[in-house]
Amino acid sequence: MKFFTTLTVLLASVTASFAQQVIVSPTSGQVINSNTAFNLTYVSQRSGGFRESSIKIDVVISEIDASFPFPGGLPISDLTPTSTAADGSSIYSTLVNPIVLDGGAPGNRLVAVVEYFNAAGGNPGLDAVFVPVTFV
Ligand SMILES: *[C@@H]1O[C@H](CO)[C@@H](O)[C@H](O)[C@H]1NC(C)=O
């Protein structure tokens, strides 16, 4: 029983270190025209065979020095995966209208993706990744 518990903990930590969540678009430092919708593409390996499953994401545009839970405009909420990659990863892709914070004011911002997922074992999980961008 003790061995089994240890093995379970080991598997959980391996899972956490290999599953990757990446904002493919926009890229870090990208300059975005705030009058134009931009391509948001997020890839979560949480459905890629790591025993976790990705459920949905929110997209938030927040101040550059913000941290979780990223207060700010919520241009996209409850987006479910739009496609599945060959390795089983969940792909989320949509166009985001940046006019959500200060009416689309120019400046440095964070584009954050908050992901809702089922962790290994079935418990609900929440995670966030972000990239800095500049609106002009
Ligand atoms: C975003 O860009 C990617 C790569 O060019 C493309 O495959 C995807 O369809 C685009 N998403 C939207 C919502 O236009």
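This tour moves through a predicted model, from its sheet to its nonpolar cores and then to a network of salt bridges.

**The sheet**

Begin by selecting β2, β9, β8, β4 and β5, which form an open sheet of 5 strands in the order β2-β9-β8-β4-β5, with mixed pairing. At its edges are β2 (31-32) and β5, each of which pairs on one side only.

**The nonpolar cores**

Show side chains for F38, L40, Y42, I57, V59, V96 and V111. These residues have the most contacts inside the largest nonpolar core, which has 17 residues. The elements that contribute two or more residues to this core are β3 (38-44), β4 (53-63), β5 (72-79), β7 (90-96), β8 (107-118) and β9 (124-135). In soluble globular proteins, nonpolar side chains tend to be buried together.

Centre the view on L40 and display its surroundings. Leaving aside residues up to four places away in sequence, L40 touches I23, S25, P26, I57, V59, Y92, S93, T94, V96, V111 and V113. Then select V60, A66, A112 and V114, which are among the 6 residues of another core, lying apart from the largest one.

The whole structure contains 4 salt bridges. Select R46 and look at its partners in turn.

- E52: its side chain meets that of R46 in a salt bridge at 3.4 Å, N to O. Both E52 and R46 are buried.
- E115: the N to O distance in its salt bridge with R46 is 2.8 Å. This pair links distant parts of the chain, with E115 in strand β8 and R46 in the loop between β3 and β4, 69 residues apart.
- D127: the side chains of R46 and D127 form a salt bridge at 3.1 Å, N to O. Because R46 lies in the loop between β3 and β4 and D127 in strand β9, the pair ties together parts that are 81 residues apart in sequence.

Which of these residues are buried, and which is partly exposed? E115 has a relative accessible area of 0% and is buried. R46, with a relative accessible area of 7%, is buried as well. D127 counts as partly exposed, at 25% relative accessibility.

Finally, display R46, E52, E115 and D127 together: salt bridges that share partners join these residues into one network.

Notes
Residues numbered from 1 in each chain as written. Predicted model: local features only at pLDDT ≥ 70, side-chain atom pairs only at ≥ 80, totals over all residues. Heavy atoms only, no water. Core = buried A, V, L, I, M, F, W, Y, C linked by side-chain atoms within 4.5 Å. Buried < 20%, exposed > 50% of the residue type's maximum accessible area, 1.4 Å probe, protein only. Helix = DSSP H or I, 4+ residues; strand = E, 2+ residues; numbered from the N terminus. Contact = heavy atoms within 4.5 Å. Pairing = 2+ DSSP bridges.
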